[in-house]
Amino acid sequence: MNRSITLLLCSLMLVACQGQSHNPYSPQSNPLPAAPAAAAQTFDRSGYPASASDYGRYRSWAWQAGQLPSGAGWADSAQIAEMLTDSLDQQGLRPAQQGAKPDLLVSSQVRMERRQVQDYDRGGAFYGNSPYGNSYGVGGSLPLRRTYEQQVLIVDVQLSEAASGQAIWRDSAENLSSDDQAERSKLLRKTIQQALSSYPPH
């Protein structure tokens with residue numbers, strides 16, 4: 001009992017001491033300083049996402065490292081370069097004049113791949129003797145799986161900003177190819193045009 005009274009008295013004394021203690025911190029507020037006069041006309045872009053590239057400012061181009069694109073065995077470098085130049089021209093990009101700095105650097109890769117394709121031939125119905133008598137019945141045949149190879153022509157094109165060296169755009173296109181040389185040449189031009197058709201991005 002005495003112990004409980006002692007604890008109670010100690011608690012009351014502690015509360016009394018806290019009530020009499022002086023708090024050195026007093027609530028107060030100072031007015032905020034006035035904003036600079038130019039703040040209303042200043043726009044801080046650092047807190048916003050980077051704006052999309054202005055592709056309209058790119059007008060001229062040159063080959064990456066000053067070298068024509070690599071040939072593909074059946075198509076030499078000069079032929080590929082001519083087709084690329086024509087397609088770039090259709091997108092509003094012109095070769096840089098001699099001695100002038102280009103806006104873009106162009107690199108490209110043309111290759112042929114052989115891919116295995118699986119196809120299923122699902123046959124139709126057939127007629128035959130029924131095992132339960134001489135009457136005719138109808139049954140289905142199992143699908144036949146066929147595996148064969150296809151030649152695929154692939155064109156990759158990349159455009160890099162000449163000033164920074166940073167790639168700003170890249171795309172590729174592919175088409176089934178044949179062994180006919182004349183047809184393959186036409187297909188190459190078509191595939192290059194398809195690869196560049198998405199430039200500039202919208």
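In this predicted model, in which local features need pLDDT of at least 70, side-chain atom pairs count only at pLDDT 80 or more, and totals for chains, interfaces and linings use all residues, strands S1 and S3 pair in the parallel sense over 3 bridges. Residues are numbered from 1 along each chain as its sequence is written, and side-chain values use heavy atoms, with hydrogens and water left out. Strands (E, at least two residues) and helices (H or I, at least four) are DSSP runs, numbered from the N terminus, and two strands are said to pair if DSSP finds at least two bridges between them.

Strand S3 (residues 104-121) and strand S6 (residues 144-161) run antiparallel and are joined by 18 bridges; arginine 114, for instance, stands opposite glutamine 151 in S6. These strands belong to an open sheet of 5 strands with mixed pairing, in the order S2-S1-S3-S6-S7. Strand S2 (94-95) and strand S7 (167-176) stand at the edges, each with a single partner strand, so that one side of each is left without a neighbour in the sheet. Helix H2 (residues 77-90) packs on this sheet and touches strand S1 (60-63), S2, S3 and S6, where contact means heavy atoms within 4.5 Å. The direction of H2 makes about 165° with that of S1; such angles run from 0 to 180 degrees between N-to-C directions, the axes being lines fitted to C-alpha atoms, for helices over the stretch in contact.

Helix H3 (residues 181-196) lies across S3, S6 and S7 and runs at about 145° to S7. At the start of H3, a side-chain oxygen of aspartate 180 comes to within 3.2 Å of the backbone nitrogen of alanine 182.

Threonine 191, found in helix H3, is buried with a relative accessible area of 0%. Its side chain reaches the backbone oxygen of leucine 187 at 2.7 Å, and, leaving aside neighbours within four places in sequence, threonine 191 is in contact with Leu153, Val155, Ala173, Glu174 and Asn175.

Tyrosine 55, in the loop between helix H1 (2-20) and S1, is likewise buried, with a relative accessible area of 18%. When residues up to four places away in sequence are not counted, tyrosine 55 touches Ile168, Tyr199, Pro200 and Pro201. Tyrosine 55 and proline 201 are 146 residues apart in sequence, and 8.3 Å apart in space from C-alpha to C-alpha. A polar atom of the side chain of tyrosine 55 lies 3.1 Å from the backbone oxygen of isoleucine 168.

Key:
A polar contact is a pair of N or O atoms within 3.5 Å; within protein, one must be able to donate a hydrogen and the other to accept it, and residues adjacent in sequence count only if both atoms are side-chain atoms. Buried means under 20% relative accessible area, exposed over 50%, partly exposed in between (1.4 Å probe, protein chains only).
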